[in-house]
Amino acid sequence: MFDVYSVYDVEIVAGRGSWVYDAKGQPYLDMYGGHAVISIGHAQVDYVAAVTRQLEKLGFYSNSVIIREQEVMAEELGAVAGLGSVATGGARADWQLFLCNSGAEANENALKLSSFHTGRKKVIAVGGAFHGRTSLAVAATDNPEICAPVNETNNVIFTPLNDVAALEAAFDAADEEGGAAAVIVEAIQGVAGIKVATIEFLQAVRRLCDERGAIYVADEIQCGCGRTGRYFATDWAGIQADIYTMAKGIGNGFPMGALAIAPCFEPQKGMLGTTFGGNQLACAAGTAVAKVMQRDGLMANAAAVGEYLVEELSKVRGIKEIRGKGLMIGLELEEGFEGVARRLLMEERVFVGTAAGGRVIRLLPALCVTREEANLAIAAIRRVLSGF
Ligand SMILES: Cc1ncc(COP(=O)(O)O)c(C=O)c1O
């Protein structure tokens with residue numbers, strides 16, 4: 001294998017709900033969701049049944065034929081995301097869906113579409129952002145270490161998070177060179193260590209995009225899919241983006257990405273495309289996720305359990321700051337608290353994520369995690385932090 005990942009010495013071979021199991025059958029509480037990917041729970045029964053049924057019928061045929069499963073998925077996703085659907089007559093009923101395979105690909109396509117639509121080249125991105133590893137997505141990602149020389153471009157202007165004056169200056173700088181095609185924003189930055197964009201900042205993005213003719217791309221790949229208690233984290237700011245990019249949770253582990261595209265964009269044949277995106281099997285997975293989220297009230301659960309976790313963890317010694325919303329929680333640890341994620345895994349059998357070199361613990365569990373499971377995680381975190 002091409003050795004690019006730092007891995008724990010654990011092999012996970014099975015999962016159910018918020019639990020995963022190693023080869024010896026030892027259980028681990030998954031408060032990480034495989035990096036915010038598991039939304040409705042590992043091996044959720046309706047999901048397994050839907051994917052199995054589809055696989056037995058037809059796994060794949062290309063986008064050169066009618067794929068009815070895409071319509072079904074668009075309907076269900078539109079309903080759960082509040083983007084409207086024929087069935088619900090939702091306010092945003094004319095939104096369009098483009099299906100692809102990953103988060104980076106979703107962002108790549110969103111930025112391309114913005115550029116096609118406006119005829120412009122400049123992209124405004126936010127400091128600390130992570131948008132993926134394909135060429136434009138990585139260029140809009142504020143981490144030179146993962147940007148190869150071939151990805152370097154002067155088309156991206158970075159602006160600090162939550163600084164409205166700097167954002168305005170970035171628009172001015174773009175205007176000097178033909179104008180901004182797009183602003184791409186995570187309403188809550190994940191990889192940066194759960195940094196929350198202020199409502200004021202997101203509303204300024206919306207206002208400036210309107211004033212300057214740019215496209216608002218909301219990267220909801222980590223913070224979306226109901227994780228914060230609303231389908232899109234951007235929804236908390238009471239505004240609408242022009243394009244929402246999605247991946248991770250929408251497939252509950254089945255690799256898929258998606259763009260929800262505002263009605264004003266006109267598709268041209270061939271402007272976007274993919275071999276695998278939107279295949280029958282992926283759509284069966286995505287449809288099952290959206291249905292289960294609606295039926296089981298998982299967004300409300302994410303809000304309630306998330307609030308409970310924050311409340312209880314705020315009483316735990318060793319945590320300097322707690323950030324986030326719903327089940328997207330960052331625990332910034334006090335100085336000197338090192339190796340906490342590893343100890344949680346090895347000593348307590350609890351999976352968590354990290355950021356900022358381990359100084360921030362990221363909790364990104366499945367949206368079905370229960371209060372009892374949250375209590376187990378809180379107790380484990382308390383035990384590990386009390387050892388410092
Ligand atoms: C906010 C955000 N955008 C984009 C991506 C890239 O997604 P993928 O790894 O599926 O390409 C990620 C992945 O972590 C992410 O967190």
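His35 lies in helix α1 (residues 33-36), where helices (H or I, at least four residues) and strands (E, at least two) are DSSP runs, numbered from the N terminus. The structure is a predicted model, in which local features need pLDDT of at least 70 and side-chain atom pairs count only at pLDDT 80 or more, whereas totals for chains, interfaces and linings use all residues. Residues are numbered from 1 along each chain as its sequence is written. Although His35 is not a glycine, its phi is positive, at about 70°. The residue counts as partly exposed because His35 has 14 C-beta neighbours inside 10 Å; a residue is buried if 20 or more other C-beta atoms lie within 10 Å of its own, exposed if 12 or fewer, and partly exposed in between, with C-beta atoms placed from the backbone. A positive phi, near 55°, is also found at Arg349, a residue other than glycine. Arg349 is placed in the loop between α10 (340-348) and β15, and, with 18 other C-beta atoms within 10 Å, Arg349 is partly exposed.

The protein chain as a whole has eleven helices and 17 strands. Its C-alpha trace spans about 55 × 50 × 45 Å along the principal axes. For 388 residues, a compact globule would have a radius of gyration near 21 Å, and the protein chain, with 21 Å, agrees with this; the radius is taken over C-alpha atoms, and the globule rule is 2.2 Å times the number of residues to the power 0.38. Of the 388 residues, 51% count as buried. Among the contacts in the protein chain with a separation of 6 or more, 72% are accounted for by residues 24 or more positions apart, two residues being in contact if their C-beta atoms, placed from the backbone, lie within 7 Å.

Another open sheet has seven strands, ordered β4-β12-β11-β10-β7-β5-β6, and its pairing is mixed. The edge strands β4 (96-100) and β6 (156-159) each pair on one side only, and from one strand to the next the twist averages 20°. Strand β5 (residues 122-126) runs parallel to β7 and is joined to it by four bridges, with Ala180 in β7 as the bridge partner of Lys122. On the pairing of β7 with β10, four bridges are again found in the parallel sense, and Val185 stands opposite Ala218 in β10. Strand β10 (residues 215-219) in turn pairs with strand β11 (residues 243-246), in the parallel sense and over three bridges; here Asp219 stands opposite Thr245 in β11. Strand β7 is mostly covered, as six of its six residues are buried. Helix α7 (residues 199-212) lies across β7 (180-185) and β10 and runs at about 170° to β7, where axes are lines fitted to C-alpha atoms, for helices over the stretch in contact, and angles run from 0 to 180 degrees between N-to-C directions.

Ala110 lies in helix α4 and is buried, with 30 other C-beta atoms within 10 Å. When neighbours within four places in sequence are left aside, Ala110 is in contact with Val217, Ile243, Thr245 and Leu259. By contrast, the C-alpha atoms of Ala110 and Ala379, which are 269 residues apart along the chain, are separated by 42 Å.

Helix α4 (residues 103-118) also gives the most to the shell around the ligand, with three residues. Of the 14 residues around the ligand, those that come nearest are Ser102, Gly103, Ala104, Gly132 and Gln222, a residue being near a molecule or strand if its C-beta atom, placed from the backbone, lies within 6 Å of it. The shell divides into five nonpolar, seven polar and two charged residues; in this division Ala, Val, Leu, Ile, Met, Phe, Trp, Tyr, Cys and Pro count as nonpolar, Asp, Glu, Lys and Arg as charged, and the others, Gly among them, as polar.

Note on methods. Pairing = 2+ DSSP bridges.
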